[in-house]
Amino acid sequence: MPLLVSSGAGDSPPERPMPELEVVGHPAAAVRAHEIVTGRALYTRDLGIPGTLVGRLLYTPIPCGRIRRLDVRAARRLPGVTAILTAADISGENSYLYSIPDQPLLAFDFVRFQGEALAAVAAENEEAAARALEAIEVEVEPLPGVHDVLEAMRPGAMQVWPDRPNVHSRLVIERGKVDRGFARADVVIENQYLTPWVEHAFLETEAALAMLDNTGTVVVYSPGQSPHRDRRQIARALGLPEVRVRVITPAIGGAFGGKDEAHVQIHAALLAQATSRPVLIERSREESIRTHVKRHPVQVRYRTGALRDGRLTAIHVEAIGDTGPYLGAGAEIMACLAATVFGPYRVPAARIEACTVLTNNPVCGAMRGFGIPQGQFACELQMDDLARRLGIDPLEVRLRNGLETGDEIPTGVRMRQAGGMKGCLIEAARMAGWDRRREIERAPAPHLRRGWGMASILFTVGMGRNVPDFAGASLDMALDGTVSLRTGASDMGQGAHTALAQLAAEALGVPLESVRVVVPDTDQAPNAGPAAASRTTFVSGNAVLRAAEPIRHTLLQIASEKTGLPLNVLGLRGGRLIAEGETLSLNVAELAREAALQSRGLHADGFYAMEYPEPHPPDAYPYAYSVFTFATQVARVLVDVETGQIKVEEIVAVQDAGQVVNPAAALGQVEGGCAMGIGYALLEELIVHEGRTLNNSLEGYLVPTVRDVPPIRARLLEYPEPFAPYGAKGIGESSLTPTAPAIANAVADAIGVPIRRLPITPERVLEALERGEDGRVR
Amino acid sequence: MSEMRIRVTLNGAPMELRAEAGKSLLRILREDLGMTSVKEGCGQGDCGACVVVLDGEAVNSCLVLAAQADGAEIITVEGLALQGVLHPLQRAFSEMWAFQCGFCAPGMLMSAYALLLHTPSPTRDEIEEAIEGNLCRCTSYRAVIEAIDAAAGEQRRGGLAAGAPDA
């Protein structure tokens, strides 16, 4: 089953300078596999603490309005009701979200979207909590609100905030002579693309259990991607020093960016503070969909100029993102889109504009891909359009423009390692039989059309230049040679803890089973920043390697003293001492005991901050990314031209991983990304009407079932990344990104008409067939 | 609400408790019987995270009321391993990364367990049918299907008897 290859066509992967790896690159079960399959893995709502109160939030009855009355007095007197908090009861700051914390925890003057919370209730049981919510007297005077993003941008439009413009930001990235680029183009194509609101639909909805401990500290158990940032936000709201808050991250039931923002942690902590009792808030599925941040719906106008041979001369992109009424990370997501929307191609001149616009629609934020999937969708449909227009094969047009190591991109960065671009492209084409696709039946029945499509993308790793991007990790070796690894990085299923344990085992020369990853706990683990931006393997991985180094050094020093052999011939492998390939009788446990006898510590902290040693042009985009992964996917679809139904027959997915840490886990990430990408392409759309989502359930909002996911042939390529731990980098987000454009291009190939709006539903297929190529938006 | 006395056999052990007739089996299992492997993902039968085996059939326990569960034999993931020996399904799920976050795994395992009770050699289509109601947001289901297939093979070869108590 391991579909690993280390050679492919295109740039051949460089010779591996690394010594043979013992743990990294080898399959390993998830560190919590046993607990998961026995049902003993504890998620937040499984933590039973006696006397825990039921916490509930009262949400606004309407999406947009002015709060005229919010009276909790009668509700507070009900039996079984322990506390009801409104904005006035918050002692610290009544605001949250990261980056720009402008969302009130509890609204007090206006409600600006459907997920606004008005009051927090703690009660002895669910029934009492429900009665309390009913008994709170609420009067919200409806206001029309701004629900259309283009309307919101017009001069004189109704303001979402009286003192803030609706267009929060307009980022411009410009490089090269754009006018000249278009002037020398033989062909210019321009299209408009639309993507929908998308819901994370993690299986475990949000929850938080908060309590006070015997040191006067507020302890919060919760699934979060960023425990240290959550701690900070809780402390701000409660008016406490950060060290008086402790955030512990038990098992997380999926996150996909949706648990990067604090959700109910702060509310639970406020209630625990108010009642001195443990409080558990769980969101129902309906509440979850209604309240948490969504993937941004984006409108992209994309203009591409190219020579007759397909080489790009210039692009001009205008992207507009509807971020809802609160910013949080909204502008950063649009910036991430802007800093990648040129795709994995050499673009001599680019002008990119990205607007982040406030409306009264759902609040948008991080979701697997952080703006990149929307931009790459547009870019990849442009490339196919270009190929069609010029009569060049889609593979060829991509190869002619493909980035190579050393090429400069429109953010002013030179590619450190771009071998994966053409490597993935060529390998995916080979696996899919791209050159022979015309030999296969195109219309297997009168009403069926078969089509092939490809998409090739670039994806970023890390937060970008000039943005804090660091992680700590600590390692402790016990006297028996086993190791505790403490990290603030969350594992929400992506396999981060398994990967970090493998890196630690590799670096220390101990078996993987010897390494235990301690449940992330801000009281114990160093800050690792968010488990986001595909950064954990790279940044936390390096921190782990740095923590391992002094421990390994101490062990080897002791070994050298005991054996009389020089330090430079000694090594550790699988928990045993080795010298020039020979296994000696001393093992790590004996060395660890000897260290203790000699009073030499086997604890070390590692710290790593993302490095950007290259000079950066002063006029270039200051937050540019320098670490990229590449991926190509090829989709084969069958379209029923009578019903508009699309069947994805197969997906070939080739992903650049730098160095694979865990083949089974990495393949799972790639395939899972494809599955989510199929949802994005064909099924998923939150229907928003006047600020309300109409499909707040998993019955109304469809995510792929086993019947929706076709066979996926996945393969990982290894082009070691400079500065990365053993060359490894994150792949979880990039694997989702090519799927939707590959499917869209395949549908266009099948029916002869591109559909530039996601999801590609049967209705949209039929519409497209009716209007034909001529009816397209220009 | 009227409380009633409910008798069930849970993972082979007879149990008796009092519960409101309208309380869901999901809540009874989690809150009264401590079976926290049973997960709630939606509360309305859309996701399959709460699937348990009831009288030999996979059911969404959120849709079963206490009164309906009276007299039933129920198996949850807690009952799959026998004397510490994992069931072939559990081993295959663990070794083959048939989950990522793990939240869907207990429901998925119980759907698979019910399948293998009736269909020791399931086809791929039968496996897909059995887990059609179990959503997984992390994987592509490929590893789940392969793990169920591998476990079925191991069970047929009789390498290890199924760990669960007789249902």
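**Domains, a helix and a sheet**

The domain assignment of chain A lists domain 1 (44–143 + 206–282), domain 2 (298–464 + 617–775) and domain 3 (470–609). Keep in mind that this is a predicted model.

Take domain 2 and domain 3 of chain A. Their centres, taken over C-alpha atoms, are 38 Å apart. Where they touch, domain 2 of chain A contributes 20 residues and domain 3 of chain A contributes 17 residues. On the domain 2 side, that makes 12 nonpolar, six polar and two charged residues.

Next, a helix. Is α10(A) mostly covered or mostly uncovered? Mostly covered: 16 of its 19 residues are buried. After α10(A) comes Gly391(A), with a positive phi near 70°.

Now the sheet. In chain A, three strands make an open, antiparallel sheet, ordered β20-β21-β22. β20 (570–573) and β22 (582–587) of chain A are at the edges with a single partner strand each, so each has one side without a neighbour in the sheet. On average, and ignoring direction, neighbouring strands are turned by 40° against each other. Four bridges join β20(A) to strand β21 (residues 576–579) of chain A. Leu570(A), for instance, has Ala579(A) in β21(A) as its bridge partner.

Two helices pack on this sheet. Helix α14 (residues 536–563) of chain A touches β20, β21 and β22 of chain A, and its direction makes about 120° with that of β20(A). Helix α15 (residues 588–597) of chain A touches β20 and β22 of chain A, at about 45° to the direction of β22(A).

Definitions and conventions:
Residues numbered from 1 in each chain as written. Chains lettered and ligands numbered in written order. Predicted model: local features only at pLDDT ≥ 70, side-chain atom pairs only at ≥ 80, totals over all residues. Domains from an automatic or database assignment. Contact = placed C-beta atoms within 7 Å. Nonpolar A, V, L, I, M, F, W, Y, C, P; charged D, E, K, R; others polar. Buried ≥ 20, exposed ≤ 12 C-beta atoms within 10 Å, placed from the backbone. Pairing = 2+ DSSP bridges. Axes fitted to C-alpha atoms, helices over the stretch in contact; angles between N-to-C directions.
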